[in-house]
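Trainee: Let's zoom in on the charged side chains. Please walk me through them slowly.

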Amino acid sequence: MSHLKERKEKACLNCKSDLYGRYCHVCGQENLEPKETVWHLIQHFFNDITHFDGKFFSTGKYLLKKPGFLSAEYIAGRRASYLNPIRMYVFTSAIFFLILFSLKRPSDMVNMNVTPPDGDVRKGVAELKKIKLRYEKDMKTEDDADDRKELAENARKLGLEIAIIKGTYGDTTARRFTKGERKLLLAQALMDSSGKAGSSGKVDTSAGYRYHGISSHLRDSIRGVAGEIATEKIVDTTSQTTIFGIMVGQYHSVEHYDSLQKAMPDSLRDGWFTRAMTHRFIETNLEYHRDKRRYFEHFAENMLHSVPKILFFSLPFFALILNILYFRHKQYYYVDHGIFSIHVYCATFILTLGVVLLQKLYSVVGLTWFTILAQILIFVLILYMMIYLYKAMRGFYRQGRGKTFLKYFITCMLAFIVNTILLVLFVLISAITI
């Protein structure tokens with residue numbers, strides 16, 4: 001109820017109906033003086049927020065303590081005392097994913113920050129230059145001829161890698177590369193400048209030069225180490241890349257693929273869908289080999305932001321599973337199963353959020369006793385999440401323990417299959433839309 005003054009006139013300002021109290025029996029508008037002060041607007045703002053929050057916490061208490069109770073109350077028509085299920089889902093999912101995305105980074109999903117084996121740490125251009133200068137300095141003071149030759153060779157290779165990085169990413173690049181990634185860059189430059197290296201280490205130079213960021217002098221240096229690259233089978237490894245069953249590593253570029261397609265008879269050419277997919281996969285493959293780290297970061301970011309979509313699309317399927325399992329209960333419609341599913345999802349969001357926050361807390365606090373306590377609480381929350389659906393089905397559908405457990409098991413199995421299919425679809429979408 002508002003704190004504004006009630007109008008003396010007994011005609012609704014909204015629908016002009018005759019009034020028999022403070023509220024209109026037709027449209028529900030309160031019969032108040034239309035003039036408001038700034039203070040009234042501020043009061044109205046905070047009253048709405050606290051009213052929503054109050055309903056959320058009271059509804060959340062029933063949601064967690066009495067699984068299935070809210071759905072039964074909603075179906076029975078007792079709704080004014082609780083937050084609407086749709087608003088509950090929007091609010092809980094928004095808060096859950098807002099906090100999740102702020103705490104979880106894409107790099108956490110793919111473990112991209114682990115130091116490579118054998119001390120092969122990532123190095124930038126500036127660090128590579130320092131190592132090259134050290135090799136050149138050691139060459140002048142080294143007495144042994146073989147050691148001088150080895151140092152000169154190492155300095156030459158580093159100079160070649162630095163030049164390729166600059167030619168690919170520019171002089172001001174801040175990227176960092178492992179030894180393996182630098183070799184892949186060298187292999188890619190070799191493929192683009194000289195064609196495919198054979199098993200004997202000889203280079204076919206008839207393919208032409210398409211790697212415009214690299215000079216002809218550097219191209220000759222690349223040919224000079226072609227035998228080493230071919231021996232280590234770097235080029236052969238990249239040429240066998242397959243993405244979702246389509247061989248894409250054998251193509252140097254989209255133009256190369258298109259030229260091969262044009263050379264084929266019409267009956268052997270790929271269809272329009274295969275061509276479109278192959279174009280995208282070739283671009284993805286080249287991006288993967290040129291900057292593997294950035295590719296996986298984008299892929300992980302796409303997948304992380306796909307989780308809300310997967311859950312949203314899985315919800316109607318979850319309700320459909322329940323509708324099929326309880327088809328003999330004619331008092332329940334599909335919408336009723338949908339309301340129950342929404343409440344289950346809301347509870348899952350809240351419990352999962354509790355687990356995420358506890359994990360973050362004990363990693364920040366670092367105290368042994370707090371870590372043990374937090375891990376116990378996390379175990380309890382996970383255990384409760386596992387039995388929550390069973391208790392909710394018992395509370396809402398009112399069937400015996402045996403039947404409920406059987407349907408709970410079937411529901412979990414079918415929901416897992418549906419979510420797996422959706423996950424595969426979104427993985428495919430994420431892979432081709434990076």
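Mentor: K66 counts as partly exposed because its relative accessibility is 40% (buried is under 20%, exposed over 50%, partly exposed in between; 1.4 Å probe, protein chains only). This is a predicted model, where local features need pLDDT of at least 70 and side-chain atom pairs pLDDT 80 or more, while totals for chains, interfaces and linings use all residues. Numbering runs from 1 along each chain as its sequence is written, and side-chain values use heavy atoms, without hydrogens or water.

K66 sits in the loop between helix 1 (38-65) and helix 2 (69-75) (helices are DSSP runs, H or I, of at least four residues). Together with K61, K65 and R398, K66 makes up a positive surface patch (over 30% relative accessible area, no salt bridge, like charges joined within 9 Å, nonpolar side chains within 5 Å).

Now the paired charges: there are seven salt bridges in the structure (Lys or Arg side-chain nitrogen within 4 Å of an Asp or Glu carboxyl oxygen). R7 and E9 pair up at 3.8 Å, N to O. R7 counts as buried because its relative accessibility is 10%, whereas E9, at 44%, is partly exposed. R22 bridges to E30 at 2.5 Å, N to O, and both of these residues are buried.

Over in helix 5 (residues 125-141), E136 and K132 are four residues apart, so about one helical turn separates them. Their side chains meet in a salt bridge at 2.6 Å, N to O. E136 is partly exposed at 28%, and K132 is partly exposed at 23%. Elsewhere, salt bridges with shared partners link E6, K10, R22 and E30 into one network.

Note on methods
Areas by Shrake-Rupley, 256 points an atom, 1.4 Å probe, with all protein chains shown as cover. Lys, Arg positive; Asp, Glu negative; His and termini not counted. Charge placed at Lys NZ, Arg CZ, Asp CG, Glu CD. Helix = DSSP H or I, 4+ residues; strand = E, 2+ residues; numbered from the N terminus.
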